[in-house]
Amino acid sequence: MSDSLILEIADFEHDVLTGIYSEETGKPQPLRFTVQARMKVAEHYAPDTPLDASKNYMDLKFAASDALPPGVHFKLIEAVADHICQTLFVQDARVEAVTVKIVKLAIAERDEKIGITLHRERK
């Protein structure tokens, strides 16, 4: 098995314009994101290894929030997840794969977690 480095932001909440039903359109919905980015691994991480040997975790949060185009309505949360994956691939050539889990908070009736998980490998 080869080494891997997975950066993660978990349970980050952000409002996004998404949905297909009339009660969903025109207003942002709260979504909960978990984003994982598998990175190329350095041979060794010493105590004084600089940040540029890895990736800033905040880039994952940015991809799931500020990098989403303002005013754009995503019919499917799959499209939101795909946009996050593509953003991270463009940001950093060391990103080998991205997994995005999205939970739609507004439709839960009994605290169930309804949503999707999309995994993309760099092509």
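Modeller: A definition to start with: two residues are in contact when heavy atoms of theirs lie within 4.5 Å. This is a predicted model, so local features need pLDDT of at least 70 and side-chain atom pairs count only at pLDDT 80 or more, while totals for chains, interfaces and linings use all residues. Residues are numbered from 1 along each chain as its sequence is written, and side-chain values use heavy atoms, with hydrogens and water left out.

Colleague: Fine. What does the secondary structure come to?

Modeller: The protein has 2 helices and 4 strands. Both kinds are DSSP runs numbered from the N terminus: helices are H or I with at least four residues, strands are E with at least two. Starting at the N terminus, the order of elements is β-β-α-α-β-β.

Colleague: What is the order of the strands in the sheet?

Modeller: The 4 strands form an open sheet in the order E1-E2-E3-E4, and the pairing is antiparallel. Two strands are said to pair if DSSP finds at least two bridges between them.

Colleague: Which strands stand at the edges?

Modeller: E1 and E4 (115-121) do; each has a single partner strand, so one side of each has no neighbour in the sheet. On average, neighbouring strands are turned by 15° against each other, direction ignored. Axes here are lines fitted to C-alpha atoms, for helices over the stretch in contact, and angles run from 0 to 180 degrees between N-to-C directions.

Colleague: How many bridges do E2 and E3 pair over?

Modeller: There are 9 bridges between E2 and E3, in the antiparallel sense. Met 39 has Val 95 in E3 as its bridge partner, and Arg 32 has Val 103 in E3. E3 also pairs with E4, over 7 bridges and again antiparallel. There, Lys 101 has Thr 117 in E4 as its bridge partner.

Colleague: And what holds paired strands together?

Modeller: Strands of a sheet pair through backbone hydrogen bonds, either parallel or antiparallel.

Colleague: Back to E3. Why is it largely enclosed by the rest of the structure?

Modeller: Because 8 of the 10 residues of E3 are buried. Buried means under 20% relative accessible area, exposed means over 50%, and partly exposed is in between, with a 1.4 Å probe and protein chains only.

Colleague: Take Lys 104 then. Buried or exposed?

Modeller: Buried, because its relative accessibility is 12%. Lys 104 sits in E3, which covers residues 95-104. Apart from neighbours within four places in sequence, Lys 104 is in contact with Gly 19, Glu 24, Gln 29, Pro 30, Leu 31, Ile 77 and Ile 114.

Colleague: What does helix H2 lie across?

Modeller: H2 (residues 77-91) lies across E1, E2, E3 and E4, and runs at about 150° to E3.

Colleague: Which residues touch the most other members of the largest nonpolar core?

Modeller: Of its 28 residues, Phe 33, Val 35, Val 80, Ile 84, Val 98, Val 100 and Ile 102 do. Such a core is a set of buried Ala, Val, Leu, Ile, Met, Phe, Trp, Tyr and Cys residues joined through side-chain atoms within 4.5 Å. H2 gives the most to this core, with 7 residues. Val 100 touches residues including Phe 33, Val 35, Ile 84 and Leu 118, leaving out those up to four places away in sequence.

Colleague: New topic. How many aromatic pairs are in the whole structure?

Modeller: A search of the whole structure finds 1. Phe 12 and Phe 33 form it, tilted, with 6.3 Å centre to centre and 35° between the planes. Rings of Phe, Tyr and Trp (its six-membered ring) pair if their centres lie within 6.5 Å; planes under 30 degrees apart are stacked, over 60 edge-to-face, the rest tilted. Phe 12 is in E1 (residues 5-16) and Phe 33 in E2 (residues 29-39), 21 residues apart. Phe 12 is buried at 13% relative accessible area, and Phe 33 is buried at 0%.

Colleague: And how much of the protein do buried residues make up?

Modeller: Buried residues are 35% of the 123 residues.
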